[in-house]
Amino acid sequence: MASIDLAQLLEVCVRAALAAQRYVMLDLVKLPEAEAKMSFHHDDPKTSARPQTVLDLSEADRGLLLASLRSAVNVDVKSHLDYKDGDAAEDLVTTADVLTQAVLTHVLQRTFPSQPFTVVGEEEEPSSALAAEAVICVKKHYDSGDAFMPNGAELRAHLQTYAKPDVAPEETASTVYADSVEALRRRVGVFIDPIDGTNCFYDGVWQAPMTLVGITLDNVPVAAVMNRVFCFPLTQSASAISLHQSSSTAATTGPARPTRCGPSLSFILNAPRLSSPFVVFDGALLPAPVTTASHPPCTPASALLVCHSSTTKEEFLQQLLGQLQPCTAIRARGAGYKQYHLLKKMWAGSAVSGEHITPADAFVCPPVTIKKWDCCAPHAFLYAMGGDIFAHDGAPLRYALARPDGSAGTHTELAALPKGLLAVTPYVKEEVARRMQWAVGST
């Protein structure tokens, strides 16, 4: 009998995502050195609020940091995207993308030597030099405990309190069993987009880039990490000093780690044998049993707020948006960031200075434009609360790790979204199905 604890798998992914974020911001971009040259140091604290994260910086100070970023990372064009306009038509990959995925896969392989899951990641294998950098990152930021697991004690308590009645006292509600490791690999998937919104990462559109890790069980998303790369505390902000002091104290007094969580991080565990998911959103632990915000019923007269790409050519979206009328378009960049607009409809979360997010009802994407690693993580949050993601024909999006005949699928097959997608919050799911004229059984 083989088994894997989904809570442990989630914890490894959370900590690895945070470790990679620290390495990118502190070691590649060299935030402390760039920050020392920024103009906000000369501002009068009595008349202007001191920036707390990179996203709070002025345009001039962001420009200084962007110059540091571009000098630190290499960038390549993976492909040309015919459905995109302007510079967004070039699908970019940077060393930060490859390194972040390498950190995640390195820690996963080290923690789970038999690898009882299937990894579907966006990037190719790292070069020997980047693989060595990933090892340095793990030692410096993961093994040191700097990238701690926020709310770890609360998660363990949640597993006991909200375990369903069929969970035996000696069991953990998050443990999955199978006859063999190979059988687990057909059941448990880890979908990784190391930096979703790479073009935004390189262009300085920093509200969008996220590290996305989605964990699936039997084709359904059940856990996820969403970490906003640039919602990172400035090294001289009060929050950064507080977190550093807490971490240092823990390191000298014993194994206990701080429970505070930065606003960049959201994660969820919705194991089948839990009666309520465990949710941290925008750095805050949501009280269990988890509920969502209250909104008026969606009717045929309701104008849906539909998020779609600001860089996708209109011709690829006209028919779909026409079917969803009446609706109002919300344009944004980054697949994960667009779906984040839907999560903001369910939970208010925290606000970033100068960032205006309009909570959305739905997210639409044309066929063959994104991959499953772009949506698996946000899908876990939506699915846990009654929302879902569908293909344009109404078929629910699921994450099969094998072909229908049981044979192993190729990497391309496991990631493909040939029929596009339409993500919906729980509030509008039935009305969207009516407008799209989907069969009753499809939702």
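## Salt bridges in the model

A salt bridge is a pairing in which a side-chain nitrogen of Lys or Arg lies within 4 Å of a carboxyl oxygen of Asp or Glu. The structure considered here is a predicted model, and by this rule its count comes to 16 salt bridges.

## Asp388 and Arg398

One of these salt bridges joins the side chains of Asp388 and Arg398, with an N to O distance of 3.1 Å. Asp388 belongs to strand β15 (residues 388-390), while Arg398 sits in the loop between β15 and α13 (411-415), 10 residues apart.

The two partners may also be described by their accessibility. Asp388 is buried, because its relative accessible area is 5% and the cut-off for buried is under 20%. Arg398, at 25% relative accessibility, counts as partly exposed.

## Glu171 and Arg273

Glu171 and Arg273 also form a salt bridge, their closest N and O atoms being 3.3 Å apart. This pair links distant parts of the chain: Glu171 is in the loop between α6 (152-161) and β5 (175-178), and Arg273 is in the loop between β9 (265-269) and β10 (278-281), 102 residues apart.

Glu171 is partly exposed at 25% relative accessibility, whereas Arg273 is buried, with a relative accessible area of 17%.

## Asp203 and Arg333

A further salt bridge brings together the side chains of Asp203 and Arg333, at 3.5 Å from N to O. Asp203 lies in helix α8 (residues 198-203) and Arg333 in the loop between β13 (327-332) and α11 (335-346), so the pair ties together parts that are 130 residues apart in sequence. Asp203 is partly exposed, its relative accessible area being 31%.

## A linked group

Salt bridges also connect Glu182, Arg185 and Arg186 in a network.

Conventions. Residues numbered from 1 in each chain as written. Predicted model: local features only at pLDDT ≥ 70, side-chain atom pairs only at ≥ 80, totals over all residues. Heavy atoms only, no water. Helix = DSSP H or I, 4+ residues; strand = E, 2+ residues; numbered from the N terminus. Buried < 20%, exposed > 50% of the residue type's maximum accessible area, 1.4 Å probe, protein only.
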